[in-house]
Amino acid sequence: MRHPRKIFGGFDRKLMREAAILSLKKLNPQRQWRNPVMFVVWIGSLFCTVQAVQGWIQSSGTYFLPFLSLWLWATVFFANFAESLAEGRGQAQAAALRATRSGTRAKKVEALEYSKKWTLVNAEQLRKDDLVLVEAGDVIPTDGEAVAGVATIDESAITGESAPVIRESGGDRSAVTGGTRVLSDWLVIQVVANPGETFLDRMIGMVEGANRKKTPNEVALSILLSSLTIIFLVVTATLFPLSTFSAERIGVTSTVPIAFLVALLVCLIPTTIGALLSCIGIAGMGRLLEARVIATSGRAVEAAGDVDVLLLDKTGTITYGNRFASNFIPMPGVTRKHLAEVSFKASLADDTPEGRSILALVRKELPTIFLRNEHLCKSIPFSANTRMSGMDVPQSEMEESMQLRKGSVSAIKVWCENQGASIPPELESEAAQIASKGSTPLAVSENGDVLGLIELKDVVKEGIQKRFQELRRMGIRTIMITGDNPRTAAAIAAEAGVDDYMAEATPEAKLARIREEQGKGHLVAMTGDGTNDAPALAQADVALAMNSGTQAAKEAGNMVDLDSDPTKLIEIVTIGKQLLMTRGSLTTFSVANDVSKYFAILPAAFVGIFPQLQVLNVMRLSSPESAILSAVVFNALIIIALVPLAIRGVSFRAESAATLLRRNILLYGVGGFVTPFLGIKIIDMAFAAWGGF
Amino acid sequence: MDSRPIFELVLYLLLLLCLAIPAGLWIQKIITPRKETSWGDWKIYAKSLIIFHAVGVLFLYALLRLQGLLPLNPQGVTGLSPDLAFNTAISFVTNTNWQAYSGEASISYLAQMVGLAVQNFLSAAVGIAVAFALMRAFTRQGDGLIGNFYEDIRNVVLRILLPVSVIAALALIYWGVPQSFSPAVSVQGIQGQAQLLPLGPVASQEAIKMLGTNGGGFFNANSAHPFENPTPASNLLQMLLIFLIPAGLTFAFGRVVKDKRQGIALFLSMAILFSIAALLLFHFEGVAQIWEGKETRFGLWDSSLFATITTSASCGAVNAMHSSLSAFGGMIPLLLMQLGEVVFGGTGSGFYGMILFVLLAVFLAGLMVGRTPEYLGKKIGPYEMKMVAVAILVTPLLVLIGTAIAVCVPLATGAVLNPGPHGLTEILYAFSSAANNNGSAFAGLSANNPFYNIALGLCMWFGRFGVILPVLAIAGSFASKKRAPESAGTLPTHGPLFILFLCLIVILVGALTYFPALALSPIAEALSESHFMGGF
């Protein structure tokens with residue numbers, strides 16, 4: 001489902017035609033007013049058109065004024081076109097998403113169980129907290145949380161991933177997204193969003209540009225552009241009295257035609273960046289969507305560019321998702337079989353992949369294992385807070401009552417000590433040995449006695465080290481977060497090459513760490529999927545929630561990764577930086593352009609008053625009219641020429657700020673200075689060859 | 001080009017460095033006092049500053065109007081006209097020292113000493129105080145406090161301006177500058193004619209005139225007058241005094257923000273722009289070889305160097321008439337003022353003016369490296385950008401709109417003495433000088449008429465506060481933000497690349513704003529002269 005990037009050449013005709021029509025509609029002054037730079041051009045175009053019409057009525061006109069008006073209108077049109085094109089791309093992406101939902105019917109139910117007593121309603125009528133039954137073949141009508149049942153779901157409509165995923169009530173895999181399809185079994189889901197507020201709605205809003213609020217950086221840049229516009233407005237407006245005065249003093253009657261001054265004004269104000277500014281922003285959101293990430297605000301995307309601390313969960317990001325139980329290490333006096341049995345019982349309520357891998361390992365070693373009196377046993381589910389899971393087995397005719405626990409070594413130690421039992425001295429050394437291999441030891445206890453350890457193997461992802469090096473070059477510090485003990489954490493941190501790590505991290509510790517980093521002035525990004533991540537996600541400046549995660553995590557985050565790939569954070573940082581770089585580079589380009597325009601227009605405008613100023617005509621443009629038109633035409637064409645760059649974004653490499661600055665100043669500063677000299681000269685030569693002016 | 005002026009320029013910069021570095025060390029101690037109990041936020045600071053100015057202007061206005069009735073008036077001068085008093089009061093309170101009057105002919109000794117000389121100290125101190133407030137803002141971690149205005153004024157006057165002025169005044173007296181309450185002396189000249197030699201408390205005012213980048217001369221001829229500037233040594237001292245505090249502030253800044261490289265970068269940016277301007281002026285004057293309007297005691301080179309220094313800094317004292325520079329040559333002082341008086345600039349005002357350009361440069365460069373722009377760990381948001389825009393916009397608007405109005409008013413155009421494009425240069429120069437608080441005059445413009453007195457008075461007032469208030473607002477905003485730590489992703493603001501970028505931004509903003517107006521005035525004039533080709 002991933003599309004290759006399509007820029008310009010890749011746009012289909014329909015998109016281009018729609019953008020062109022929309023651009024004409026945007027010529028409405030009420031809409032144009034929102035962009036002050038282009039509004040000035042709009043007024044200028046109108047003025048020149050009126051003058052041109054007057055000229056033709058009095059039949060004193062030349063080709064000059066109509067031609068000038070035409071190209072001034074073209075400047076406005078091109079700016080609108082750039083914006084419409086970016087919007088159109090977003091709309092096309094959004095439309096595909098929206099199509100999945102149209103006409104969905106929902107089976108509204110009252111109880112938290114499978115029943116046939118549902119009423120059929122339209123998806124649009126569902127409100128928050130309604131209960132809906134979905135069965136095999138149904139499309140999930142809206143975002144929700146599974147509250148009963150288990151089902152496999154095809155989420156390819158949203159994520160593009162064709163492998164089905166399991167959604168079940170409780171735990172961290174309960175969130176379902178509207179527009180996805182149930183493949184087998186059933187779920188009762190509780191609706192979490194009113195119509196218009198679902199992720200899909202927000203995503204559509206963002207890419208269409210409708211709900212797009214200007215980000216702080218965009219506002220700051222707009223202020224700069226507006227003040228440049230004001231300066232140049234005054235520069236050109238005062239030029240009329242100044243030149244008239246100059247002419248009087250040397251006894252010349254010639255004045256500068258106002259159309260020349262309008263042309264000068266349009267060439268000087270930052271039309272290039274003014275025209276492309278909103279296009280860049282919308283295209284940035286589009287690029288994010290191409291990376292299969294939904295942001296809830298443009299602000300979050302920009303903040304991503306500023307992030308300098310990255311909190312990454314070890315599991316799934318730095319190491320391959322699941323650690324696998326690979327060995328049992330019994331304490332002296334304990335049989336391996338007994339340790340395995342207790343491990344099995346203590347892990348039954350542990351729904352994490354690690355817990356399941358322990359069950360799998362036990363089943364491999366003891367294929368006949370089963371649990372007596374299951375209905376009487378009380379499961380202690382795994383929680384990130386206690387970092388333990390276990391089972392309380394009541395007294396029966398065959399067994400004593402038992403409290404079985406399994407969890408991180410330190411948690412078990414505390415638990416055992418609280419039970420008044422002594423800790424075997426071998427525990428520490430064995431655990432340290434496992435940890436030094438980069439594996440994770442889990443301790444197993446029965447009634448407070450430590451029976452032994454389970455070794456969980458952890459494998460660091462290939463290539464992750466190189467990514468961290470890149471991040472370091474960009475000035476971003478990575479901190480690995482793990483529930484592991486410090487030794488294990490250190491071994492893996494060293495292998496992966498992160499800058500820092502946080503071992504035995506509880507949700508509270510994570511939150512505290514984020515606050516601490518922010519207190520030092522850092523901007524922190526993190527990923528998370530579990531409900532217990534939600535407070536930390538809400539605190540982080542950039543919070544990427546996994547689409548596979550819980551609804552709470554998604555609500556707390558400001559971005560959702562549809563692919564549920566935590567390393568995506570690195571791509572988001574790149575997109576955020578690119579967004580700012582594109583704006584900065586095009587602004588520099590736009591301002592650097594102005595120098596050449598002075599040299600083109602001023603000698604032409606003042607030729608009647610001070611012929612000696614022809615020395616400034618360094619481009620040797622053929623005639624005053626041709627010089628002015630060439631500058632205006634260049635000014636309009638450069639907008640359309642830069643649309644692909646605005647949509648694609650300037651290229652970004654993981655380099656230090658100094659290197660980036662040097663490259664961009666050379667490319668867009670020096671380039672922006674030189675290009676128009678060449679461009680204007682070439683256009684002038686074309687005019688001269690045509691002979692119109 | 002002759003190698004002598006280049007040698008002089010290098011020597012001057014070296015001497016300046018020797019004085020400015022210790023000055024920076026001293027100033028830094030005053031910026032960061034041990035006690036912060038009396039500090040307030042930017043609004044309190046700005047309020048004190050506004051009250052201080054209102055009182056200053058009213059007092060000086062009254063003094064100038066009433067000087068005829070007051071003591072210490074041996075020449076028996078009368079009170080100034082309302083518009084001239086308005087202009088002069090604003091001029092001295094805003095550190096501009098535009099002089100539409102002739103000092104020896106129309107100001108009493110009392111008004112010189114209690115009015116003008118006092119404002120020479122206070123207006124300089126205000127600029128430095130605002131610079132202090134801005135520097136402190138970079139070190140605050142979110143409490144928003146930037147200092148206490150009155151304490152700053154007191155410390156700057158008592159611990160910086162007065163001690164240096166006393167030493168400098170003594171040196172000037174030694175070289176022959178008068179310091180006397182006697183009326184003018186009548187003597188017989190060499191050729192037998194009767195001559196009136198004006199006297200007065202000159203040396204004491206001369207020192208602060210330079211040190212405080214005021215520039216308002218005791219005499220009409222300013223530092224071209226032998227009683228203000230008698231010898232090459234006094235000339236060198238005066239030139240060094242002008243840049244002493246503006247250059248010292250850059251080094252003090254580096255120490256205050258605990259990163260000396262930042263201060264050095266600012267000094268280098270200013271030194272580069274200054275050297276370019278000086279070399280250009282040497283070149284144009286060397287080619288033109290015009291001696292009319294220049295003191296033969298100083299010659300082409302010292303006059304050119306002085307002209308560059310006095311307009312780089314917003315001093316405005318002159319030792320040669322700028323109108324008499326060659327056409328391209330005259331454009332250099334004009335452009336230096338139009339750049340916003342940020343090439344060393346006025347005491348304090350040069351520093352905060354340059355910081356505005358730094359913020360602009362950091363904004364563009366910051367975006368280009370893909371980060372929300374920040375300077376020394378302070379993020380530049382829409383609010384700061386708005387204030388930077390106001391501060392950078394206000395002077396060009398005053399200059400251009402003022403000039404445009406002037407060319408339409410007969411009273412204004414009638415005051416222009418020279419024909420052709422040179423006349424427009426005179427008006428443009430007057431407005432550039434006033435709005436940027438420089439105060440030097442181009443000569444050739446009879447500026448003492450109600451139009452210029454009022455128009456230029458307004459330009460000086462708004463040119464001063466239109467920058468100071470946004471700067472204080474920026475300081476307040478920075479002070480209430482946490483300082484973000486540096487990383488490899490942070491834009492370095494001390495390297496050669498950024499220094500160059502900053503210089504280009506300063507030149508580009510100035511050039512783009514004024515190029516059309518300059519094309520009609522000095523450029524058109526230069527290109528019409530037969531020798532212009534030699535100028536290039």
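**Figure 1. A salt-bridge network in chain A.** A:R477, A:D500, A:R513 and A:E517 are linked in a network of salt bridges. The view comes from a predicted model. Side chains of opposite charge can pair when their charged atoms come close. Over all chains, the structure holds 33 salt bridges.

**Figure 2. The salt bridge between A:D138 and A:K107.** The closest N and O atoms of A:D138 and A:K107 are 2.9 Å apart. A:D138 lies in the loop between β3 (131–135) and β4 (144–154) of chain A, and A:K107 lies in strand β1 (residues 105–109) of chain A, so the pair ties together parts that are 31 residues apart in sequence. Are these two residues buried or exposed? Buried means under 20% relative accessible area. A:D138 has a relative accessible area of 18%, so A:D138 is buried. A:K107 is at 14% relative accessibility, so A:K107 counts as buried too.

**Figure 3. The salt bridge between A:E302 and A:R583.** Here the side chains of A:E302 and A:R583 meet, at 2.6 Å from N to O. A:E302 counts as buried because its relative accessibility is 3%. A:R583 has a relative accessible area of 1%, so A:R583 is buried as well.

**Figure 4. The salt bridge between B:D152 and B:R136.** This view moves to chain B. The closest N and O atoms of B:D152 and B:R136 are 2.7 Å apart. B:D152 lies in helix α6 (residues 149–174) of chain B, and B:R136 lies in helix α5 (residues 109–139) of chain B. The pair therefore ties together parts that are 16 residues apart in sequence. Both B:D152 and B:R136 are buried.

Figure 5. Helix α15 of chain B covers residues 421–435, which makes 15 residues. From its first C-alpha to its last, α15(B) reaches 21 Å. That is close to the 21 Å expected at 1.5 Å a residue. How many residues of α15(B) are buried? The count is 15 of 15, and the helix is mostly covered. Just after α15(B) comes B:N437, with a positive phi of about 60°. B:N437 is found in the loop between α15 and α16 (450–479) of chain B. Its relative accessibility is 6%, so B:N437 counts as buried.

**Figure 6. A positive phi at A:N447.** Most residues other than glycine have a negative phi. A:N447 is a residue other than glycine, yet its phi is positive, near 50°. Where is A:N447 found? A:N447 is in the loop between β14 (440–446) and β15 (449–457) of chain A. A:N447 has a relative accessible area of 37%, so A:N447 is partly exposed.

**Figure 7. The surroundings of A:I680.** A:I680 is found in helix α22 of chain A. At 0% relative accessibility, A:I680 counts as buried. Which residues does A:I680 touch, not counting residues up to four places away in sequence? They are A:S596, A:K597, A:A600, A:M619, A:L621, A:S630, A:A631 and A:F634. A:P257 gives a sense of scale. A:I680 and A:P257 are 423 residues apart in sequence and 21 Å apart in space, C-alpha to C-alpha.

**Figure 8. The contact between chain A and chain B.** The contact takes 61 residues from chain A and 60 residues from chain B. The area buried between the two chains is about 5100 Å². Carbon and sulfur atoms give 79% of that area. How many salt bridges are there between chain A and chain B? The count is 0. The count of residue pairs in polar contact between the chains is 7. On the side of chain A that touches chain B, α7 (216–249), α10 (298–306), α15 (464–473), α20 (568–605) and α22 (657–690) of chain A each supply at least two residues. The largest share, 21 residues, comes from α7(A). By class, this side of chain A has 35 nonpolar, 17 polar and 9 charged residues.

Methods. Residues are numbered from 1 along each chain as its sequence is written. Chains are lettered from A and ligands numbered from 1 in the order in which they are written. This is a predicted model: local features need pLDDT of at least 70, side-chain atom pairs count only at pLDDT 80 or more; totals for chains, interfaces and linings use all residues. Side-chain values use heavy atoms; hydrogens and water are left out. Helices (H or I, at least four residues) and strands (E, at least two) are DSSP runs, numbered from the N terminus. The expected span of a helix is 1.5 Å times one less than its number of residues. Buried means under 20% relative accessible area, exposed over 50%, partly exposed in between (1.4 Å probe, protein chains only). Contact means heavy atoms within 4.5 Å. Buried area is the accessible area (1.4 Å probe) that two parts lose on being put together, summed over both. A salt bridge is a side-chain nitrogen of Lys or Arg within 4 Å of a carboxyl oxygen of Asp or Glu. A polar contact is a pair of N or O atoms within 3.5 Å; within protein, one must be able to donate a hydrogen and the other to accept it, and residues adjacent in sequence count only if both atoms are side-chain atoms. Ala, Val, Leu, Ile, Met, Phe, Trp, Tyr, Cys and Pro count as nonpolar, Asp, Glu, Lys and Arg as charged, and the others, Gly among them, as polar.
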